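Here is a short tour of one protein model, written to be read with the structure open beside you. Take a moment to find your way around the chain before reading on.

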Amino acid sequence: MDTRNATVALLKEITSPDALQEVNAALDSLEDNDAVDAAVAASEGIARLEAVRFRALAQLNRHRDGASSVAQEVAFALSVVDGHAAGLVSTAAALTTRLPRTLGLLDQGQVGGYGAMKVATATAWLSDEDARAVDEVLEDRLPGRNSEQIRKAANHAAMMADREGAARRTERHRAGRRLSIRQGEIGVASIEVEDGPVEKVAAAYTRIDREARALKTGGETRTLDQLRADIALDLMLGGQGGKAERSEVFLYMDLNTYLGLNDDPAELAGHGHIPAALARHIASGPDTVLRRIITDPLSGQVLDLGRDRYRPTTGLDEFVRVRDRECRRPGCHRPAQTCDLDHALPWQHGGHTADTELIDLCRRDHRLKDEPGWTYRLAEDGTLTITTPTGHSYDSTPPPLHEPRTQEPPF
C-alpha cells in the first residue's frame with residue numbers, strides 16, 4: 001500500500017465505528033460530570049480532525065491552483081452547500097499559509113473548525129504580514145471562546161492591525177446591503193436585510209422588541225417571537241406596528257476617538273467593535289444623545305455615568321445596564337437594555353439591591369440561573385463565576401471600555 005492510500009486508510013481506521021464502539025458502549029455508565037468531560041474530549045478530537053480536513057482541502061486547492069471549481073467539488077464530496085464549501089476551502093488556504101497559529105490551536109483541540117472559519121473571514125482582507133500579526137495576537141485569546149466571541153476578537157484585532165483598511169472595508173460592506181428572501185417549509189419563508197448599517201438594524205430590532213413586549217399582555221396568546229415577526233411584517237407592509245418612539249442604540253467610544261485624536265475602535269452593544277470613522281458618523285447623527293461615562297483608567301471599567309440625558313435617569317438600574325453592556329452569561333451577547341436585572345445572590349437568600357450584587361441576564365439565562373444546581377457568584381471586581389451542576393465553572397467580566405492607561409493624553 002503506497003503512502004497516499006495508507007494515510008486515508010489510517011484516517012478511516014481512527015474514525016471507524018469499530019474503533020469507537022467500546023467508547024460508545026461505556027458512555028451509558030458515565031456520571032453527569034464525566035459525561036461533560038467526554039463531550040469536551042470528543043470536541044477536542046473533532047477539532048484535530050478538522051485540522052486534518054483543512055490541510056487536505058488546502059492540498060487539493062494547491063493542486064488545482066486555486067480554481068473556483070474546487071469549492072463545487074468539495075461541496076459534492078462533503079455533501080455541503082456551495083457557500084459553506086467555499087468557506088472551507090478559503091479557510092483551509094488561510095490556515096496553511098497566513099494563520100499557522102490558529103491551525104495549531106485546531107491541532108491542540110482548543111479551537112473548532114467553525115471558530116477557525118471566523119478568524120479566516122475576519123482577516124481575509126488583510127495583507128499576509130498583517131494577517132500573521134493578528135494570528136499571533138489571537139493565539140492566547142481564542143481558547144475557550146465560542147464562535148461569536150472569536151468573531152468579535154478577530155474583527156477587533158484585524159481593525160487594530162489596519163485601521164484605514166477597516167474603514168474602507170466597512171464602507172464596502174455597507175454599500176452591499178440587500179434584502180433577501182429564503183423559502184422555507186410549506187407555507188413559510190424568511191426575509192432578511194443583509195449587511196444593513198448596524199446602527200439602523202440594532203435600532204429597528206430594539207423598536208420592534210419594545211413594541212412586542214408592550215403588546216404581550218395577559219390576553220395575548222402570541223409568543224414574543226411571533227409578536228416581533230408580526231410587527232416587523234406589519235411595518236414593512238405599511239402598517240403602524242405599534243406606538244412609534246425613539247429607540248436606543250448604545251455606542252461606547254473613547255472621547256479621544258470621538259474628537260478624532262485617535263482611531264481606536266468603538267463598541268456597539270450586542271454587535272461588537274466598529275471602526276472609529278463609523279462610530280463618529282453614528283455619534284454625529286441629528287438624534288444622537290451623548291452620555292458621559294467615567295471609567296477607571298487602570299482597568300477601563302465603568303465607574304459612574306453622566307446624568308445629562310433626554311429622559312430622566314433610572315439610577316441604579318441604568319448604571320448596571322450600561323456597565324454590563326450585554327447579558328453576563330459567558331458567550332451571550334444580548335444587549336443589557338433588553339435583559340432582566342437580577343441579583344447574583346437571590347434577594348430571599350440575603351442578596352442586596354446594589355451595583356455590586358446586580359447583573360444583567362437575558363430572559364433565557366435568567367431562567368437558567370434558577371435551575372437546580374446552577375450557582376452564580378459575583379466578585380468585588382465584577383467577575384461573575386457561573387458553576388454548572390456538573391461542577392464546571394466559567395467566568396464573565398465586562399470587557400474594559402478602553403485599554404488600561406497610566407494617564408490621559410493631552411488635548
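What follows looks at two loop residues and then at one helix.

Keep in mind that this is a predicted model. Start with the loop between helix H15 (316-324) and strand S8 (340-343), which holds Arg 328. Glu 326 sits in the loop between H15 and S8 as well.

| Residue | Relative accessible area | Class |
|---|---|---|
| Arg 328 | 2% | buried |
| Glu 326 | 11% | buried |

Buried here means under 20% relative accessible area, so Glu 326, at 11%, falls in that class.

What does Arg 328 touch, beyond residues up to four places away in sequence? Its contacts are Arg 323, Ile 359, Asp 360, Leu 361, Leu 378, Gly 382, Thr 383, Leu 384, Ser 396, Thr 397 and Pro 398. Thr 397 is 69 residues from Arg 328 in sequence, yet their C-alpha atoms are 7.6 Å apart in space.

Glu 326 has its own set of partners once neighbours within four places in sequence are left aside, among them Lys 152, Glu 267, His 271, His 333, Arg 334 and Asp 360.

Now move to helix H7 (residues 113-123), which is mostly covered, with eight of its eleven residues buried. These are Gly 113, Gly 115, Ala 116, Met 117, Val 119, Ala 120, Ala 122 and Thr 123. The cover over them includes helices H3 (32-63), H5 (82-95), H6 (100-107), H8 (128-138) and H9 (147-161).

How values were computed:
Residues are numbered from 1 along each chain as its sequence is written. This is a predicted model: local features need pLDDT of at least 70, side-chain atom pairs count only at pLDDT 80 or more; totals for chains, interfaces and linings use all residues. Side-chain values use heavy atoms; hydrogens and water are left out. Helices (H or I, at least four residues) and strands (E, at least two) are DSSP runs, numbered from the N terminus. Buried means under 20% relative accessible area, exposed over 50%, partly exposed in between (1.4 Å probe, protein chains only). Contact means heavy atoms within 4.5 Å.
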